[in-house]
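Me: I have a model to go through. Can you take me through the helix packing and a couple of the polar side chains?

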Amino acid sequence: MNLLPVLSKLFEYCIKTRMKPHIENRNIINDEQFSFREQHATTHQLLRAVDLITNNIQLNKATAALFLDVAKAFDKVWLDGLIFKLWTLDFPQQIVNVLTHYLKNRTFQVKINNSKSDKYSILSGVPQGSILGPTLFKIYIADIPVHMNVKIFLFADDTAIMSLGDSNAVAAEPIRHYIPILENWLNKWKIIINPDKCVAILFGTKRKHNLVTYL
């Protein structure tokens, strides 16, 4: 957790306020992002996902679901990639320049009692526990690829990917085609998935199945 001084919090609040109109006018944040957004709580996203699965079961259809967790999401944001996206999204030059100087060339130091460690460079990541960090992370992942017949549910650094079909095999097919596309995007932007916290499940009319069998 990052404990920012008061002046840094005021600075981040001012920058976020300046960025907000541009973000809203350009619809930069992905519509499926339901975290760190007004009237878009993660509980709302969870209800949407549960409703989709429940409705499919009532229609006697199967739902394939892939749940992904980004490893150390805020800590591993590729700063050069983030800055590139800010330029691409036509943020004002002054905003991009300020954020570049604010995010890059950072250092950290550990202090225990009266002892201090050497200073080390922070090579990636946006500040956790800050006002601006969540906004920058949402911008960074806003261009997650879309695919026909695949629904994406974003929970900040967690993602659920779902598709439906008349059978388990049919339901799994769109996700099977989507995985290489998603993998290329993850590799391009240096986003690492935590395999230990990822789950693939098929929700059928009678019981859950292991989606991996069909991928």
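Reply: A term to begin with: buried means under 20% relative accessible area, exposed means over 50%, and partly exposed is in between, using a 1.4 Å probe and protein chains only. This is a predicted model, in which local features need pLDDT of at least 70 and side-chain atom pairs count only at pLDDT 80 or more, while totals for chains, interfaces and linings use all residues. Residues are numbered from 1 along each chain as its sequence is written, and side-chain values use heavy atoms, with hydrogens and water left out.

Me: Is asparagine 30 buried or exposed?
Reply: Asparagine 30 has a relative accessible area of 15%, so it is buried. Asparagine 30 lies in the loop between α1 and α2 (42-58).

Me: What does the side chain of asparagine 30 reach?
Reply: The backbone nitrogen of glutamate 32, at 2.8 Å. A polar contact is a pair of N or O atoms within 3.5 Å; within protein, one must be able to donate a hydrogen and the other to accept it, and residues adjacent in sequence count only if both atoms are side-chain atoms.

Me: Back up a bit. What does the secondary structure come to?
Reply: Six helices and nine strands. These are DSSP runs numbered from the N terminus, with helices being H or I of at least four residues and strands E of at least two. Of the 215 residues in the protein, 41% are buried. Along the principal axes, the C-alpha atoms fill a box of roughly 60 × 45 × 30 Å.

Me: Now helices. At what angle do α3 and α5 pack?
Reply: About 80°, with the axes of α3 (residues 79-88) and α5 (residues 133-141) 10 Å apart. Axes are lines fitted to C-alpha atoms, for helices over the stretch in contact, and angles run from 0 to 180 degrees between N-to-C directions. The two helices α3 and α5 are therefore roughly perpendicular. As for the cut-offs, under 35 degrees is roughly parallel, over 145 roughly antiparallel, 65 to 115 roughly perpendicular and the rest oblique.

Me: Which residues make that contact?
Reply: Gly81, Leu82, Lys85 and Leu86 from α3, with Leu136, Ile139 and Tyr140 from α5. Contact means heavy atoms within 4.5 Å. The residues divide into five nonpolar, one polar and one charged. Here Ala, Val, Leu, Ile, Met, Phe, Trp, Tyr, Cys and Pro count as nonpolar, Asp, Glu, Lys and Arg as charged, and the others, Gly among them, as polar.

Me: Lysine 85, then. Buried or exposed?
Reply: Lysine 85 is buried, at a relative accessible area of 5%. The side chain of lysine 85 reaches the backbone oxygen of tyrosine 140 at 2.5 Å. Leaving aside neighbours within four places in sequence, lysine 85 is in contact with Ile139, Tyr140, Asp143, Trp185 and Trp189.

Me: And how do the axes of α3 and α4 cross?
Reply: At roughly 170°, coming within 10 Å. That makes α3 roughly antiparallel to α4. Residues in the contact include Leu82 and Trp87 of α3 and Val96 and Leu103 of α4. The division is eight nonpolar, three polar and no charged.

Me: What about α1 and α4, how do those axes cross?
Reply: The axes of α1 (residues 6-25) and α4 (residues 93-103) cross at roughly 150° and come within 11 Å. This makes α1 roughly antiparallel to α4. Among the residues that meet are Phe11 and Ile15 in α1 and Val98 and Tyr102 in α4.
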